[in-house]
Amino acid sequence: ERPEREGYQGEHCHEKKLRYVTTVADAPLTERENRRLSKDRTVLLFADNSQLIKAYAEEFKELGVKYHVFTTLKTRSKNTTIVNWESYEETEAALKAYEAEDPNIQGIVYLLGATIKKFDKKASPHAELTKYVMPLFIALRVFEKGLANRQDADTFFAVNTKIDGNFGYTTKDEFNPIVGALTGGTTCYRKDVYERTGAISKLMDFEPTATPDEMAQKTMDEVLHGDMRLMIGTRDNVRSTILSLPTRLDKSVKHFDLAGKTIIFTGSGRGIGAMLSQKIAAQYHSKIIVLDIIEIQEKTPLWASMNEAELAALKKQIWEDLKADPTKKATPVMLERAFGRVKDSITLYNNLQKLRNLGSEVEYYHCDVMNSSMMKEVCTKIKAKNGRVDGLIHFAGLERSKLIYDKDPAEYYRIFDVKATSFATFLANNIVRDDGFFAFASSIAGKYGNLGQSDYASANDYLAKSALSLSNQGYRAISIAMSAYKNVGMGVRAGVETFLRSNGVDFVDPEDGMQIFLDEIVYGRVPEIVLTGSLGRLDWDHQLKFEWDEIGAADNGSDDSANGGNTPAAPAAAPKAAAPAVDSAKATHFLGEVKSLQKGSEIHLEKEFNLNSDPYLADHAIEGTPYVPGVMGIETFMETATALTGEVPQGLKDVHFYLPIKLLRNRPQAVRVIGKASGNEASMEIESDFINSKGVKMGNTRRHFTAHTLGSFVSTWDSVKAEAMTGLNAPMSVSKEEIYKKYFHGPSFQVLAGIVRVDKHASLAVYHTTPRPQWNDGPRTLLANPMLIEAAFQCCGFQDMSIEHKMTLPDGIAEVAVLNKQVPPAQLYLYGVNRGNTADGKTLHDAYVFDAQGNVWVEIHGYQAIGQ
Ligand SMILES: NC(=O)c1ccc[n+]([C@@H]2O[C@H](COP(=O)([O-])OP(=O)(O)OC[C@H]3O[C@@H](n4cnc5c(N)ncnc54)[C@H](OP(=O)(O)O)[C@@H]3O)[C@@H](O)[C@H]2O)c1
């Protein structure tokens, strides 16, 4: 963890591995367990679908176990209790009555989540929580004793949902997010129940087309033979699960620019919400409408101007006033509460002032987001003044950790309502424009589960599922599942912090977290990210992956395209090269070893550069140390992009040569190449670690070269062609010998036959096949024609040497198009155009590699070279 300097504002946030995209991944069962069930103990079935009840009944009969059904369906079967899920109290009474008769149950199968209907803006999540989630919460509490008795049975509870067989990460349909209240809650019930009873649990999602028989069989098979993994997807008959994979945000295009936008922000009065609002004000000057439960009173501006002594006097006065009230007995608690309100309103007032000072227009409304009539009134006022707004950032939240056994149900509702029901109220009031956005502060508790946070997880995963469902309806919606933050907010409350730290959870710098949050709104496209450092022992099922390699070459990996989910991004469809392409299947020299490949999505390669397999390196050495030529980096990227997308890109753009790859003491150097496809583009980088002689990794991972594939390309050849082709056959003004007296390149890199002319505007040179080949055992099939690019670099470099009197090396390229990928003829021409210097003193060139007929082979725009 690197300590940041004072005043750090999250500038390095994207360099740290904090952003993970939620993804479906295969989870084949490698070993089958053999759990036991008892013939004498009951399994409870919670279901409202007669077909499902029938299928499970059959399954239980086959397994030879007793069962009892809780349902709202009228039936005459004797092992059934008719219940009313719509009343918490009635459900609890019915379960308690059953428990009094038959406490020694061995399992619970919970199917109420498998029949949830479509998304309905008018539905009340509060009421739906009672119906779909609370029966499980109640059952796990009521039947604690039975589940804890594991003498003759491996006790369990199993939950079925029916979204898309992948927990909503695949479907493009809208669905009712209340299922998130069940999935999020279950991730925590699982832990609370396991801690107290040792019972195992399963959460399985099925496709809408799954048959009741299939659901019953698969569920019971998991219960009896599965591993300990909680979340199991079943889509297309593939056993899968949900992982979070590190994915860097592509910041090349703003998809939702916040400049000039009006945003409603809840929970921005303090903590991380306040921080995010300040970043928005400073970076985008958006209009921010603050909804806060804290009241700004008439006197707040006056209080905000007071110094410590004046505030102490004010507190004293409040105490006197309380004592003077004959209707109540004044207590110190009353004083603290009253003075707390004063301090809160000062904090909020100061925060709002800060936003204004940073350049935002601010509107404030006093609003308890749990109060639906207050919400309606405030939304009406906002609409009257501003029309519908451009976005909602929802940070209001409450958290009180308690195991389900100790939780007050009223608190469950409160914690759920402050996030989930309040959001549904915003939706019902239609406050956000149809082309607007929703951004939710949610929590890892809803993704990975945490002891004591079931209500909070229900609320958070409700929001996460809302983001998926809203995205499927065409909105821009993002849920950011955050881990604990350093020094601020609910993660550092006494007790919570100690618990998280003792479990090895890394606390995130809030400056990083809030900058990532903001960038996700502006640049992101997926409906959910996980924003976290290591989760330590909190991640029971190892769902948070740190390296792509860890998931192997699964088919359905993550992507960062518009809708996220598991469908690989469409292969980058760069325009095809003009000339017939070489056989790209043979262009594999620089791919090294493919460690993982998800076609159209992500590729990981490991390549070793050494003097045997790449002998030209000996001819590209500075002071005895071989350097991997930048052009071979370009070739590596072209081959990587081809393997990743299935298409040979036309070229590359935004190429950066950050750090040379050196073969110190002529020793081999291993690098990793990572390529990621997103939409029509692939982005790639070459990185390496420094391993000392003891085999220990030293320092941070080094990033050497990066590049993106080139999409459309507009040639500028016509504007220089006449000039470039003038005097092609003139005698050389600088001979090859003179050039390579100045340059360090050995025979296999001596691509220039001579310089025809050079002045401060341009240079014309002749390319010739090198006197020694790059490889001794025959040429490799290449896609970038790297030696032509090398010749262009050397041509421009020679101009730098002649005019600017400095030796320059490649630093970056805005665009390089390889217009002819065939093996070049022995002789070609190079024309370099000087375009001046960059602000930081690098020389800037365009360059063209062409033949005597005026056909361009390689065209380079914005080649930057840096002086040595
Ligand atoms: N901090 C973390 O480590 C962390 C981690 C993951 C997720 N999150 C999420 O991030 C959000 C902000 O967390 P935080 O740590 O900054 O917590 P916080 O300091 O407790 O802030 C929560 C905010 O919600 C507001 N709020 C609560 N009930 C409200 C109501 N009925 N109506 C209107 N506003 C209400 C609070 O107002 P008051 O000022 O009146 O309390 C406060 O501004 C929460 O949604 C939380 O779940 C935080």
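The model is predicted, so local features need pLDDT of at least 70 and side-chain atom pairs count only at pLDDT 80 or more, while totals for chains, interfaces and linings use all residues. Residues are numbered from 1 along each chain as its sequence is written, and side-chain values use heavy atoms, with hydrogens and water left out.

**Domains**

- The chain is assigned domain 1 (13–22 + 246–296 + 362–551), domain 2 (25–243), domain 3 (297–361), domain 4 (584–709) and domain 5 (717–867); such bounds come from an automatic or database domain assignment.
- Taken over C-alpha atoms, the centres of domain 4 and domain 5 are 23 Å apart.
- Between these two, 31 residues of domain 4 are in contact with 33 residues of domain 5, where contact means heavy atoms within 4.5 Å.

**Helix pairs**

- A word on terms: helices (H or I, at least four residues) and strands (E, at least two) are DSSP runs, numbered from the N terminus.
- Axes are lines fitted to C-alpha atoms, for helices over the stretch in contact, and angles run from 0 to 180 degrees between N-to-C directions.
- Helix α12 (residues 372–386) packs against helix α13 (residues 409–428) at an angle of about 40 degrees, their axes 10 Å apart.
- α12 and α13 are therefore oblique to each other (angles under 35 degrees count as roughly parallel, over 145 as roughly antiparallel, 65 to 115 as roughly perpendicular and the rest as oblique).
- Ser372, Met375 and Cys379 of α12 make this contact with Ser422, Thr425 and Phe426 of α13.
- By class, the contact of α12 with α13 has three nonpolar, three polar and no charged residues; here Ala, Val, Leu, Ile, Met, Phe, Trp, Tyr, Cys and Pro count as nonpolar, Asp, Glu, Lys and Arg as charged, and the others, Gly among them, as polar.
- Helix α8 (residues 271–284) and helix α11 (residues 332–357) cross at roughly 20 degrees, and their axes come within 8 Å.
- That angle makes α8 roughly parallel to α11.
- In α8, Ala274, Ser277, Gln278 and Ala281 meet Asn351, Lys354 and Leu355 of α11, giving three nonpolar, three polar and one charged residues in this contact.
- Helix α2 (residues 88–101) and helix α4 (residues 134–142) have axes that come within 10 Å and cross at roughly 30 degrees.
- Among the residues that meet there are Tyr88 and Leu95 in α2, and Phe137 and Ile138 in α4.
- The contact of α2 with α4 divides into eight nonpolar, one polar and four charged residues.

**Strand pairings**

- Strand β21 (residues 651–657) runs antiparallel to strand β28 (residues 808–818), and five bridges join them; two strands pair if DSSP finds at least two bridges between them.
- Val655 has Ile813 in β28 as its bridge partner.
- β21 also pairs with strand β24 (residues 697–709), in the antiparallel sense and over four bridges.
- Opposite Lys653 stands His708 in β24.
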